[in-house]
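Visitor: Hi, I'd like to get to know this protein. Could we look at it together?

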Amino acid sequence: MRELTLVFQHPDFYVLNKPAGAPMHANDDERSVVHQLAAQTGETLYPVHRLDTPTSGALLIARNPAAAASLSALFAERSITKFYLAIAAGKPNKKQGLISGDMDKVRRGNWRLLRSQNSPAQTRFISYSLEPGIRYYILRPLTGRTHQLRVALKSLGAPICGDTRYGGTPADHLQLHAWQLRFDYQGQHFAVTAPLPDYDYFRLLPADLQIPEQLTC
């Protein structure tokens with residue numbers, strides 16, 4: 001069993017630095033990442049949100065049922081601010097702004113972004129050049145739909161590196177990382193940042209990387 005790393009501990013919750021490839025749901029080869037952490041800590045734990053299996057980064061996990069209900073409610077109310085990092089090849093059709101559109105399920109569990117705005121998935125973002133032909137994206141999803149960020153970057157004409165499902169250029173891992181969570185809980189503000197993974201293009205990111213002010217407003 002892999003050793004899991006906590007980036008923050010509170011009496012009511014943990015923030016786990018989820019490894020890429022760790023599943024949220026058990027499969028034939030591996031227990032869910034929450035059950036793996038429960039075995040490591042000797043506790044009963046409760047997931048309050050999810051990350052795609054290939055996505056790494058900050059995963060909030062409750063340590064008791066009351067905290068699970070409270071934290072789940074914060075996610076449902078969109079009171080938890082999430083920031084992600086992604087790296088993609090190619091020239092996007094815009095370098096910053098808002099990506100908004102309804103999401104439509106297509107074959108094999110994939111999704112696509114539509115132009116209609118009936119109940120849109122929305123993501124604010126800004127991107128910067130990392131090296132010729134490669135950009136990194138700081139993403140703030142305003143909604144929480146399945147594959148939202150992966151589909152959003154695909155819609156820009158710049159699918160995430162390593163995202164073979166959506167046409168990304170090859171990489172050893174999906175280049176998508178849940179970087180930071182910000183929220184208020186029991187009268188206290190928390191801003192928890194997951195360390196960057198030490199693989200592929202993430203090694204090239206600036207050491208002083210900060211969330212730009214225009215994404216925090």
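Guide: Start with one term: a residue is buried under 20% relative accessible area, exposed over 50% and partly exposed in between, using a 1.4 Å probe and protein chains only. The model is predicted: local features need pLDDT of at least 70 and side-chain atom pairs pLDDT 80 or more, while totals for chains, interfaces and linings use all residues. Residues are numbered from 1 along each chain as its sequence is written, and side-chain values use heavy atoms, without hydrogens and water.

Visitor: Which residue does Phe-202 pair with?

Guide: Tyr-199, in an edge-to-face aromatic pair, with 5.9 Å centre to centre and 80° between the planes. Rings of Phe, Tyr and Trp (its six-membered ring) pair if their centres lie within 6.5 Å; planes under 30 degrees apart are stacked, over 60 edge-to-face, the rest tilted. Tyr-199 is buried too, at 11%.

Visitor: How many aromatic pairs does the structure hold?

Guide: It holds 9. In one of them, Phe-183 and Phe-190 have ring centres 5.4 Å apart and planes at 25°, so that pair is stacked. Ring pairs also link Phe-8, Phe-13, Phe-183, Tyr-185 and Phe-190 into a cluster.

Visitor: New topic. How many residues are in the largest nonpolar core?

Guide: 29. A nonpolar core is a set of buried Ala, Val, Leu, Ile, Met, Phe, Trp, Tyr and Cys residues joined through side-chain atoms within 4.5 Å. Val-33, Tyr-137, Leu-139 and Leu-176 have the most contacts inside the largest one.

Visitor: Which element gives the largest share of this core?

Guide: α1, with 4 residues. Helices (H or I, at least four residues) and strands (E, at least two) are DSSP runs, numbered from the N terminus.

Visitor: Which residues of α1 are buried?

Guide: Val-33, Val-34, Gln-36, Leu-37 and Ala-38. Their cover includes β1 (5–10), β2, β3 (46–47) and β4. After α1 comes Gly-42, with a positive phi near 75°.

Visitor: Back to Tyr-137. What does it touch?

Guide: Contact means heavy atoms within 4.5 Å. Leaving out residues up to four places away in sequence, Tyr-137 touches several residues, including Tyr-84, Pro-92, Phe-125 and Leu-153.

Visitor: And how many residues are in the second core?

Guide: That separate core has 18 residues, among them Val-15, Ala-62, Ala-68 and Ile-80.
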